[in-house]
Amino acid sequence: MYLQKMFSCSQFLARPNAMQTFIRAASQGKNPSSSPFLTLHAVRQWSNVPFFTVPLARAHGKSFAHRSELRQAKRIVVKLGSAVVTRGDECGLALGRLASIVEQVAMLQNQGREMMIVTSGAVAFGKQRLRHEILLSQSVRQALHSGQNQLKDMSLPVLEARACAAAGQSGLMALYEAMFTQYSTCTAQILVTNLDFHDEQKRRNLNSTLHELLRMNIVPIINTNDAVVPPPEPNSDLQGVNVISIKDNDSLAARLAVEMRADLLIALSDVEGIYDRPPGSDDAKLLDTFYPADQHSITYGTKSRVGIGGMEAKVKAALWALQGGTSVVIANGTNPKVTGQVITDIVEGKKVGTFFSEVKPAGPTVEQQTEMARSAGRTLASLEPEQRSEIICTFADLLTERKDEILSANKKDMEHAVSTGCLSPAMLNRLSLSSSKLNSLSIGLRQIAVSSQDRVGRVLRRTRVANKLELEQITVPIGVLLVIFESRPDCLPQVSALAIASGNALLLKGGKEAANTNRILHELAQEALSIHGVKDAIQLVSTREEVEDLCRLEKMIDLIIPRGSSQLVRDIQRAAKSIPVLGHSEGICHVYVDHEASVDNAIKIIRDSKCDYPAACNAMETLLVHRDLLRTPLFDQIIDMLRTEHVKVHAGPKFASYLTFSPSEVKSLRTEYGDLECCIEVVDSMQDAVDHIHKYGSSHTDVIITENEETAEQFLQQLDSACVFWNASSRFADGYRFGLGAEVGISTARIHARGPVGLEGLLTTKWVLRGEGHTAADFSEQGSMTYLHENLPVAQVLPGHRTTSVK
């Protein structure tokens, strides 16, 4: 063991290509510290090093039960497998991956955590160095023998692993030292063998050394001393908590983690985690969480391309560490999409790799819930339309019959929200339910039940492709929907009814502030579904799943629909890289008052658009006023009305320029206030208003107030928003008010569905072709058939019924 020397980071970084020169020197076996651009730096005064403190959250002895608790981990062991550290050709190190890992470890170390690294790579680094020396030696001999500096028929001998380890160890540590120096982090090397754990005196010495290094804020870098380590004794490992043979770095990391009472062991390899069968095989599933009882139900594949361990060895070592009180995560350290954040993501509790836990939850996992929903959803889609309508009507009845239970649960949520002060007044308004709200919901659900009769399985197009070859395009459910909503329990019955009507499976993730209300509403939804045996088609996610983790279930979820703040929608759109997201991130709705507007219409529409429900996404946020209306009675009445309604006004730049004493000037013309606030701006014309909305709007809902029909029609035609209204409040942008019964949200997207999204927006299509032995070859130049492509009358049919052929 030796303490690595510390070099001046500022002088090191000041020289161009310093790192490259350092690495090159290390790989050639030279002493990097002797290079002229490096200056030996005194060891830091560790007591004066500033860092963020991560408090030790628990006494060691029991592992964490849930991923979210990993944020509390203070002492962490990071194990780097051979496949992570080495290049694909197995000769040399993967410097890019290694640099990313070093950066993450240093960041966690500087937060006040105690980091240790168990690393492979000495053999690969030594192999690279020895190959270089052998090739150089052979080329010199050949040049002397032939008189020409040419390499011909050179072959490399098989390099013995111990010799490679001996040659590569110093270079590997020099590389770690150079990388950690960039983050003002000191490292120390420790080489161990089995004797260091089985000999009591050596074990105590090792333990003491590691604790002293951690106390001084130094990152120990540990490896088996592969230059001298003997082969492991057969059948001597993993015989209990007190015995584990150090035969590879998996077992070393596990033993070290337990010995040092580490909170977390992160084992990085070249696979995403633990699969129930060999990765790449059919139906192989990545296990998010591994429980000790699972070890007998999985099938292991072959070992990785490098290293002496395999996945079975990793699992055994992980379970041994778990038994000793250390939590374990096995994850991929080679995937370029995640390598940059894999360690920090794990510590933040994100769903990366496989988490080992001794505590198995009582209910199903979110993956199991999704599978249950998909299976039941397929049965739901196959029901007759009348049966789906019956389910919705039953749900509508339950909302009124069991309203006392619902309101009691809602009262608990409201009281908790008020006592904790965690919600704004606008959010509290959304959280609150009342008898009138439940009655309105019940009416809306019945409207959905009536309108859904002929939607699923509806024939949109029929074509005679050729003689006795007919094609149909029909509507079908999308599949599994994930709806994420904040503090709006009334959203649950609405989207549930739409999912039932459209034959879609549904996964619901509500905010914890409405947990009690959501629970009773979900129970009622499942009670209604039970009348036709499809109870599991709607699932409520009540586990500790983070929204970002749900957005990664691209193989299970077909569409995500966020219902909440603009920040929530933006976060979901950013996280859901492989799943379509339907919705809008902002509701910056405009009302433009033309110079030919009616006084009565203007006052009524502006008041309703802003004051009816300020927190709604279809509430007015910016009022555009034609400049000719300034200093007119109409404008004065608008201002008086806003003042009476206690609306705080922010002046746009042009409006402020007309005033001597103006209201507070708006910080941004692209603001969604969600409260009794709005911006007033002046425009020169209808076209100016359209240009302003295109620049600062969110394509949600925009309104013109005018008595000039030609001006209104130009506004309606030119404006590219999901909803455009003439002499009507922006609050009409709603699925219920449009006659859709309810909506899952309002979409500002340009494809699939736009505006209030009701039942139609939750359907897609499929093509059904019926033939009698037709082949594509029949229509080739040598074939006997020709295409007709004749449009046929559309005959509506129910799912499962064959269309009557039109000859």
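Let me start with L506. Leaving out neighbours within four places in sequence, L506 is in contact, meaning heavy atoms within 4.5 Å, with A373, L481, V483, V495, S496, A499, A537, I538 and Q539. This is a predicted model, so local features need pLDDT of at least 70, side-chain atom pairs count only at pLDDT 80 or more, and totals for chains, interfaces and linings use all residues. Numbering runs from 1 along each chain as its sequence is written, and side-chain values use heavy atoms, with hydrogens and water left out.

L506 is also among the residues with the most contacts inside the largest nonpolar core, together with I391, I392, I406, V483 and L508. That core has 49 residues; a core here is a set of buried Ala, Val, Leu, Ile, Met, Phe, Trp, Tyr and Cys residues joined through side-chain atoms within 4.5 Å. Buried means under 20% relative accessible area, exposed over 50%, partly exposed in between, with a 1.4 Å probe and protein chains only. Helix α17, residues 491–502, supplies the largest share of the core, 8 residues. Helices are DSSP runs of H or I, at least four residues, and strands are runs of E, at least two, numbered from the N terminus.

Next, helix α25, residues 709–718. Its buried residues are T711, A712, F715 and L716. They lie on the same side of α25 because they cover an arc of only 135° around the axis, taken from the directions from the helix axis to the C-beta atoms. E709, E710 and Q717 are exposed on the other side. The cover over the buried residues includes β18, α24, β22 and β23.
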